[in-house]
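Please read the notes below alongside the sequence and the structure.

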Amino acid sequence: MNVRSLLARGSTLVVLAAAFAQEPPQVTAHEPAQFARDVATTTQRLAVTFDRDMDRRRSSDGSGFGPAGPRTMRGRFRDARTFEWEVELARDRLYVLALGAGSPNPFVAADGTELPATEWCFATEGEPVSRAQAEAATVQLFRTVRDHYALHDLMGVDWASLRERTRSQLADGQSGASLALVFAEALAAAQDPQVAVAFRNSIVPSWRREPAPTPAIERLARTLPRLAPVGRTALMARTDDGIGYLQLTSFERGDGLAMLRALRSLLDCRALVVDVRAASGRGDPALARRIAAFFVAGEVVYASQRARDPEVRGGFAEPVALRLVGSPAAERFTGQVAVLMGAANMATSEHFLLMMKQGERVLLVGQRSFGSSSDAVAHPLLPGLSVLLPASQTLTPDGTAFEGTGLEPHLHVPDAGGTAGVDPVLAEALSRLRRQ
């Protein structure tokens, strides 16, 4: 949902609150089915069915599918809850279709709520992979996981049994795209959203976690009535008693300049809340470093990384220190800071949290982060087919690995989400800042 356009529709945020108060729509059926394999290329129609009536004036024409989608001639609503496309499917393709938030033209329900980020994956028939090739690729897959997956020993997976179950699912004559889906479904056992399988130009994550609770904007508005947009999706505010608020929903480079301008405009505040609870793993690490530098003096070691290396005893190379250089005094915030964090935080966001922990007056408030901070590296299995695996572990400055468990805040404040009442994490952070 575009925060700027919604804020422009009403200074009191009444419209905004109503839009967020409803539960979002869901897809209840796919034609062909989710994760279907060897779909015939004679198929000329795709369809999705939703759990409620949709807004027929706002519909996807397939432009949101991206490069991993099929060629689309036209789309239309078959009825109030089912949308269908006329398409041309290519042979031996792994299709990953974006339908919801984040796509150029997401679906919207008749009640005004937007379909959340939703992907639909299926594979078409094509040049068959021989059983011997599929067997060899399966052996290579699990050997690669053993040798190069940094979280191999942390996820509680019986990899030997999983390998045998995967081999039992191999079929004669299946396409390379379908084999990719077999591997993706097998790796879902790790429950790591950074583990993925790539086939040609398509990447399918092996597992998608349930969306973590993120700040409901109407709850923020009850405490911060003068919210203003920052870039496309983030927010800022200033309380009557001089406490600044900056929400960072991602570290995407496109909004970087807007975020930095907003932060500079808040440097005169007596205290500051930096809210990253809605920021997941996407984003530019350089932007995260640039923002964190406003709160750190001098040069600090905020973490270290150790790469998975099967040739080394213990399976990891020596850790390499990760450093951050603070901003000059003229661009450094010297007041008290509360960083709001939660279960959505991973990857770049977790590095940001580690950086912010090095600030002298920084308190992390909220819930534990997800615990998957390393970027994935591609390893080939067959021509056009590869597996993407996190290649290293990130360690806290004292040498503790938090992969698979997450980073703990200084102050744990539970929050069940929803839209009722005030935001408990924000309320506690403001209370602490005011007492200090």
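Asp192 is found in the loop between H5 and E8, where helices (H or I, at least four residues) and strands (E, at least two) are DSSP runs numbered from the N terminus. The model is a predicted one: local features need pLDDT of at least 70, side-chain atom pairs count only at pLDDT 80 or more, and totals for chains, interfaces and linings use all residues. Residues are numbered from 1 along each chain as its sequence is written, and side-chain values use heavy atoms, with hydrogens and water left out.

- At 0% relative accessibility, Asp192 counts as buried; buried means under 20% relative accessible area, exposed over 50%, and partly exposed in between (1.4 Å probe, protein chains only).
- Leaving aside neighbours within four places in sequence, Asp192 is in contact with Tyr149, Leu151, Met155, Ser206, Trp207, Ser372 and Pro390, a contact being heavy atoms within 4.5 Å.
- Asp192 and Val339 are 147 residues apart in sequence, and their C-alpha atoms are 25 Å apart in space.
- Gln191 lies in the loop between helix H5 (176-187) and strand E8 (196-199).
- Although Gln191 is not a glycine, its phi is positive, at about 50°.
- Gln191 counts as partly exposed, at 46% relative accessibility.
- Leu187, in helix H5, is buried with a relative accessible area of 1%.
- Not counting residues up to four places away in sequence, Leu187 touches Leu141, Val145, Trp159, Val195, Val197, Ser206 and Val387.

- His30 lies in strand E1 (residues 27-31).
- His30 and Cys121 are 91 residues apart along the chain, and their C-alpha atoms are separated by 9.7 Å.
- The peptide bond from Glu31 to Pro32 is cis, with omega near 0°.
- Pro32 is found in the loop between E1 and strand E2 (36-39).

**Two aspartates in other loops**

- Asp53 has its place in the loop between strand E3 (45-50) and strand E4 (71-77), and at 40% relative accessibility it counts as partly exposed.
- Ala80, Arg81, Ala109 and Ala110 are touched by Asp53, not counting residues up to four places away in sequence.
- From C-alpha to C-alpha, Asp53 and Ala80 are 5.0 Å apart in space, and they are 27 residues apart in sequence.
- Asp92 is placed in the loop between strand E5 (82-88) and strand E6 (94-98), and Asp92 is buried, with a relative accessible area of 7%.
- Asp92 has a positive phi of about 55° although it is not a glycine.

- Leu248 touches Met259, Val274, Asp275, Val276, Ala279, Ile291 and Phe352, not counting residues up to four places away in sequence.
- In helix H7 (residues 256-265), the residues Gly256, Ala258, Met259, Leu260, Ala262 and Leu263 are buried.
- The cover over the buried residues of H7 includes strand E10 (228-230), strand E11 (234-238), strand E12 (243-247), strand E13 (271-275) and helix H8 (285-292).

**The protein as a whole**

- The secondary structure comes to 10 helices and 21 strands.
- The radius of gyration of the protein is 23 Å, close to the 22 Å that the globule rule gives for 436 residues, so the protein is as compact as a globular protein of that length; the radius is taken over C-alpha atoms, and the rule is 2.2 Å times the number of residues to the power 0.38.
- The C-alpha trace spans about 70 × 60 × 30 Å along its principal axes.
- Of the 436 residues in the protein, 52% are buried.
- Among contacts between residues at least 6 apart in sequence, 72% join residues at least 24 apart.
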